[in-house]
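This report describes one chain as it stands in its model. The sequence and coordinates come first, and the description follows.

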Amino acid sequence: MIENSDVMYRLLVQSVIDYAIYMLTPEGVVSNWNAGAQRAKGYTGEEIIGEHFSVFYSAEERATQLPQKNLQTARDQGRFEAEGWRLRKDGSAFWAHVVIDAVHDDDGHLVGFAKVTRDCTEQRRALLEQREQERHFRLLVQGVNDYAIYMLDPLGHVINWNAGAERAKATPTTRSSASISRCSTPRRTAPPACPPSAWTPHARPAASRPRACASARTARTSGPTW
């Protein structure tokens with residue numbers, strides 16, 4: 001049963017094509033290779049097994065011992081995770097999300113590392129395009145002088161302010177960002193209280209007293225009768 005489970009697990013890993021999943025020896029040598037790794041990096045298993053995983057890093061990164069440092073982090077902390085550029089067999093670069101987990105046997109001895117890499121180049125490109133579009137839109141809004149355009153948070157605080165808003169409301173950007181939108185809304189005031197004379201029985205005829213004050217006086221003067 002255990003042997004069958006191992007076979008099924010190996011078949012599962014081999015069938016994954018969206019993630020490069022492979023093992024490294026404690027020294028960082030590639031010891032196995034799945035279809036996802038071949039798709040992402042361009043190497044076949046025969047070409048890469050037995051090679052040091054530093055071939056996926058640039059010459060500059062290898063010169064600074066970055067691959068060894070990443071393995072050391074995984075060895076010391078049990079896990080290393082990062083995003084960065086990695087190289088394919090043909091020398092082209094792709095943006096990778098990389099996870100390296102230390103693998104120990106039942107006695108706690110390090111037997112190697114499990115390395116999972118995903119090609120995130122398209123996701124990164126889409127994110128950068130979105131940020132660039134947001135930047136262009138922000139510059140467009142900032143350049144409008146004839147309209148006051150700004151955003152409020154859910155509590156009504158001004159969180160941005162364009163040149164048109166500054167021109168229309170004569171409020172600098174630094175000041176408006178710390179203000180609340182209610183500053184431009186008329187404040188409601190409570191209705192005036194009844195004059196003290198309304199509480200005096202002989203101040204005016206009872207019929208001409210305000211209804212609210214008369215009822216309030218009744219409530220104050222009424223009490224138990226016995």
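In which helix does Gln123 lie? Gln123 belongs to helix α6, residues 121–142. Helices here are DSSP runs of H or I with at least four residues, strands are runs of E with at least two, and both are numbered from the N terminus.

The model is predicted, so local features need pLDDT of at least 70 and side-chain atom pairs count only at pLDDT 80 or more, while totals for chains, interfaces and linings use all residues. Residues are numbered from 1 along each chain as its sequence is written, and side-chain values use heavy atoms, with hydrogens and water left out.

**Confidence and overall layout**

The mean pLDDT (the predictor's confidence in each residue, from 0 to 100) is 78 for the chain, and 68% of its residues reach 70 or more. Residues 212–222 have pLDDT below 50, and this stretch has eight contacts in the model beyond near neighbours in sequence. Contact means heavy atoms within 4.5 Å. Where pLDDT is low, the predicted coordinates should not be read in detail.

The chain contains nine helices and four strands, in the sequence order α-β-α-α-α-α-β-β-β-α-α-α-α. Of its 226 residues, 23% are buried; buried means under 20% relative accessible area, exposed means over 50%, and partly exposed lies in between (1.4 Å probe, protein chains only). The accessible surface is about 15,700 Å², and carbon and sulfur atoms account for 56% of that area. Such areas come from the Shrake-Rupley method with a 1.4 Å probe; for residues, only the protein chains shown count as cover. Among contacts between residues at least 6 apart in sequence, 28% join residues at least 24 apart.

**The largest nonpolar core**

A nonpolar core is a set of buried Ala, Val, Leu, Ile, Met, Phe, Trp, Tyr and Cys residues joined through side-chain atoms within 4.5 Å. The largest one has 21 residues, and those touching the most other members are Tyr22, Val30, Trp33, Phe53, Phe56 and Ile100. Two or more residues each come from β1 (20–24), α2 (35–41), α5 (66–77) and β3 (93–104). The greatest contribution is that of β3, with five residues. In soluble globular proteins, nonpolar side chains tend to be buried together.

Val30 shows the local packing: leaving out residues up to four places away in sequence, Val30 touches Tyr22, Met23, Leu24, Ile48, Ile49, Gly50, Glu51, Phe53 and Phe56.

**Helix α5**

With twelve residues, α5 reaches 16 Å from first to last C-alpha, close to the 16 Å expected at 1.5 Å a residue. The expected span is 1.5 Å times one less than the number of residues in the helix. Which residues of α5 are buried? They are Pro67, Asn70, Leu71 and Ala74. These residues lie on the same side of α5 because they cover an arc of only 95° around the axis, the arc being that of the directions from the helix axis to the C-beta atoms. Asp76 and Gln77, on the other side of α5, are exposed. The cover over the buried residues of α5 includes β1, α4 (59–63), β2 (79–87), β3 and β4 (110–119).

Gln65 sits in the loop between α4 and α5. Although not a glycine, Gln65 has a positive phi of about 65°. Most residues other than glycine have a negative phi, and most peptide bonds are trans. After α5 comes Gly78, with a positive phi near 90°.

**Partly exposed residues**

| Residue | Relative accessibility |
|---|---|
| Gln123 | 39% |
| Gln65 | 40% |
| Thr44 | 25% |
| Gln72 | 36% |

Thr44 is placed in the loop between α2 and α3 (45–48). Apart from neighbours within four places in sequence, Thr44 contacts Trp33 and Gln38. The C-alpha atoms of Thr44 and Trp33 are 7.9 Å apart, with a separation of eleven residues in sequence.

Gln72 is in helix α5. Its C-alpha lies 9.7 Å from that of Ala102, 30 residues away in sequence. For Gln123 and Trp95, which are 28 residues apart along the chain, the C-alpha atoms are separated by 9.0 Å.
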